[in-house]
Amino acid sequence: MSGGPNLQGMDSLTAAMQHNIIPDQEYLLQGSILDSHVDTLNHRLRGLCDNVDTGKETFHEKEMVFSIRGTSTQPLTLRVRHSMDPGAKIPWQLRYVGQPEMSQKATIVRSCYDIACSNNVVEFLTELGCRLEYDFISKGSIFRKGRIKVTVSKVYKIVGAAMDNLEPVTGSHLVELSVLAPSGQDAVGEDMKNFADQLKPLVMLDKFDLRRAM
């Protein structure tokens, strides 16, 4: 006799994890480009990527970074992201990103889980004891090449309480290449590195370890 839909769902999830088909690893390359050259980069990406006919996707998001301290020395960091577009039907997103692996792989590799959630997730995290560390607004474009996602975004800090009072963090755009894939698919990193080489010398995309920059 069946144990009900909840047990069946748990069994399916357990089986998926055992067979390594859940995308729980993020492969990442990062770089930046001056604002004055971003149009040239966008033109180059339109020529290289798959969504050339439909045009680039755009996004306007707010991201909040929370932390909570447990028994480990490193605090747990959680990210909440949501669209600032009033007409958007995209659910809020809760994201966990682990520490990057120290390896000789072509890209940064880190654990990553993205979960769609309701818009009361901030209240939920606050009740758990999470503390808001910082927040920011990002606006930009998304391009896709196979399963590689390319984002070109401008990051702004929020000045005061008004969401329309924004100040650019730098005079550059952030450029990221990323793929979410199950563990062990290291060939993805080589594909990303080859694609990044096609964007040189406009932008130099590489592994960037934030821990070394601090």
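# Cores, strands and rings

Student: How many residues does the largest nonpolar core have?
Tutor: Its most connected members are Leu41, Leu45, Leu177, Met192, Phe195, Leu199 and Leu205. The model is predicted: local features need pLDDT of at least 70, side-chain atom pairs count only at pLDDT 80 or more, and totals for chains, interfaces and linings use all residues. Residues are numbered from 1 along each chain as its sequence is written, and side-chain values use heavy atoms, leaving out hydrogens and water. A nonpolar core is a set of buried Ala, Val, Leu, Ile, Met, Phe, Trp, Tyr and Cys residues joined through side-chain atoms within 4.5 Å, and the largest one here has 24 residues.

Student: Which elements give two or more residues to this core?
Tutor: Helices (H or I, at least four residues) and strands (E, at least two) are DSSP runs, numbered from the N terminus. The elements are β1 (25-34), α2 (38-48), β7 (148-158), β9 (172-181) and α4 (187-197).

Student: How many residues are in the second, separate core?
Tutor: Leu78, Val80, Val121 and Cys130 are among its members. The size of this second core is eight residues.

Student: What does Leu205 touch beyond four places away in sequence?
Tutor: Contact means heavy atoms within 4.5 Å. With residues up to four places away not counted, Leu205 touches Leu29, Gln30, Gly31, Val175, Leu177, Lys193, Ala196 and Leu199.

Student: Within what arc do the buried residues of α4 fall?
Tutor: Buried means under 20% relative accessible area, exposed over 50% and partly exposed in between (1.4 Å probe, protein chains only). In α4 the buried residues are Val188, Gly189, Met192, Phe195 and Ala196. The arc is that of the directions from the helix axis to the C-beta atoms. Seen down the axis of α4, these residues line one face of the helix because they fall within an arc of 125°.

Student: Against which elements do those buried residues pack?
Tutor: The residues in question belong to α4 and include Met192 and Phe195. Their partners are β1, α2, β6 (131-145), β7 and β9.

Student: Which residue in β5 stands opposite Val97?
Tutor: Val97 lies in strand β4, and at 18% relative accessibility Val97 counts as buried. Two strands pair if DSSP finds at least two bridges between them, and six bridges join β4 to β5 (residues 108-117), with the two running antiparallel. In β5, the residue opposite Val97 is Cys112.

Student: How many bridges join β3 to β4?
Tutor: β3 (residues 76-83) and β4 (residues 92-97) run antiparallel. Arg81 stands opposite Gln93 in β4. The number of bridges between β3 and β4 is four.

Student: Are the rings of Tyr134 and Phe136 stacked or edge-to-face?
Tutor: Rings of Phe, Tyr and Trp (its six-membered ring) pair if their centres lie within 6.5 Å; planes under 30 degrees apart count as stacked, over 60 as edge-to-face and the rest as tilted. A search of the whole structure finds two aromatic pairs. In the pair of Tyr134 and Phe136, the centres are 6.4 Å apart and the planes are at 20°, so the pair is stacked.

Student: Which peptide bond is cis?
Tutor: Most residues other than glycine have a negative phi, and most peptide bonds are trans. Pro201 lies in the loop between α4 and α5 (210-213). The cis bond, with omega about 0°, joins Lys200 and Pro201.
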